[in-house]
Amino acid sequence: MTLLMSNEIIDIKTGKDYSRYLPMPDSQVDFYAYNKNMIVCEVPLPVDNVNGFTIPATNMHVIGVQRKGEMSKAEFSFSHKRWQSFGGEGLSAISMGVAGDNAVSARWKKESVKGPLSSITIHFSPDTLKKVAVETFGIDESLLELQHVAFQNDEFIYQLAVAMNSQLAAKNNFCGLYAEQALQMLCVHIISNYCTFNKLVKEYKGGLPNNSLTLVIDYISEHYNQTVSIDELATLCNLSSYHFARLFKQSTGLSPRQYILSIRIQRAKKL
């Protein structure tokens with residue numbers, strides 16, 4: 001087993017190395033790490049798994065992508081909760097677990113399996129996801145909340161996972177640059193499709209009066225899919241653009257543009 005930076009993936013309960021929990025510990029599994037922010041591996045899975053296996057909660061977000069084989073029926077459990085059925089989703093089916101709450105158990109019978117099984121697993125740092133949220137989307141990282149995903153088809157993540165695994169395995173001069181760009185694309189895709197924002201307005205001292213803040217938020221809610229200028233919003237409050245932007249951020253913790261972008265992302269997710 002080739003293991004790079006394995007201490008970055010740890011069981012948060014015991015502090016032990018994640019690799020010891022792999023379902024087939026005697027097989028050859030290569031972990032490819034990039035800058036301690038992403039670790040990728042392709043893990044062979046047992047064909048006969050009637051007794052099941054459990055992987056504990058770790059300190060990194062994790063995505064599992066079925067790479068090889070077909071499974072007509074199986075069961076899984078997130079965070080030691082009730083068993084749920086899955087099967088037949090195809091190779092583009094992905095699962096995603098949130099750092100600190102991503103313990104998963106799985107079991108299936110041999111007769112439900114066709115061909116050898118393997119899964120590409122991508123571990124990535126929560127800090128990286130937050131950094132992309134701030135720098136790319138202008139979203140306050142404290143508002144970001146990643147959701148669990150169980151066996152949902154996502155062709156983009158499937159293709160990206162296969163490409164990342166191949167490029168990192170090649171260990172050529174370009175694999176570092178490739179990994180950096182791929183991780184950026186992965187985080188943008190996840191924020192756009194699998195994240196929610198637990199609060200858009202927090203209580204801050206100072207800022208706009210409540211009636212003005214309500215007026216502005218209602219206006220944004222009605223016109224978020226149009227071009228909304230800072231000048232328009234400032235006019236609603238009889239303020240200059242500069243003072244409005246400063247007071248709005250004091251009230252919400254977000255700049256007007258960040259707030260509008262957050263609304264658009266939420267509405268797009270609902271659609």
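**View 1. The lining of the largest pocket comprises three nonpolar, four polar and four charged residues.** Here Ala, Val, Leu, Ile, Met, Phe, Trp, Tyr, Cys and Pro count as nonpolar, Asp, Glu, Lys and Arg as charged, and the others, Gly among them, as polar. The model is predicted, with pLDDT of at least 70 needed for local features and 80 or more for side-chain atom pairs, while totals for chains, interfaces and linings use all residues. Residue numbers start from 1 along each chain as its sequence is written, and side-chain values use heavy atoms, with hydrogens and water left out. The volume of the largest pocket is about 230 Å³. A pocket is an open set of points on a 1 Å grid over the protein atoms alone, with protein on both sides within 12 Å along at least five of seven lines; a cavity is a set of points where a 1.4 Å probe fits but cannot get out, and lining residues have an atom within 4 Å of a point. Points are joined across faces, edges and corners, and the volume is the space filled by probe spheres set on them. Tyr-34, Asn-35, Asn-37, Asp-127, Thr-128, Lys-131, Val-132, Glu-135, Glu-180, Leu-183 and Gln-184 form the lining. At least two lining residues come from each of helix 1 (126-137) and helix 3 (175-194), and helix 1 gives the most, with five. Helices (H or I, at least four residues) and strands (E, at least two) are DSSP runs numbered from the N terminus.

**View 2. The second largest pocket has a volume of about 160 Å³.** Its lining consists of Asn-49, Val-50, Lys-73, Ala-74, Glu-75, Arg-107, Trp-108, Lys-109 and Ser-112. By class these are three nonpolar, two polar and four charged residues.

**View 3. The structure contains one cavity of 30 Å³ or more.** The volume of this largest cavity is about 600 Å³. Among its 36 lining residues, Gly-64, Ser-95, Val-104, Ser-119 and Thr-121 are the closest to the centre. Two or more lining residues come from each of strand 2 (38-45), strand 3 (49-55), strand 4 (61-71), strand 5 (74-78), strand 7 (93-97), strand 8 (104-108), strand 9 (113-124) and strand 11 (149-153). Strand 4 gives the most, with seven residues. The lining of the largest cavity has 25 nonpolar, ten polar and one charged residues.

**View 4. Thr-252 belongs to helix 6 (residues 241-252).** With a relative accessible area of 1%, Thr-252 is buried. Buried means under 20% relative accessible area, exposed over 50% and partly exposed in between (1.4 Å probe, protein chains only). The Thr-252 side chain reaches the backbone oxygen of Leu-254 at 3.0 Å.

**View 5. Phe-151, a residue other than glycine, has a positive phi near 50°.** For context, most residues other than glycine have a negative phi. Phe-151 is located in strand 11. Its relative accessibility of 25% makes Phe-151 partly exposed.

**View 6. Asn-238 is not a glycine, yet its phi is positive at about 55°.** Asn-238 sits in the loop between helix 5 (230-236) and helix 6. With a relative accessible area of 72%, Asn-238 is exposed.

Notes
Polar contact = N/O pair within 3.5 Å; in protein donor to acceptor, adjacent residues only side chain to side chain.
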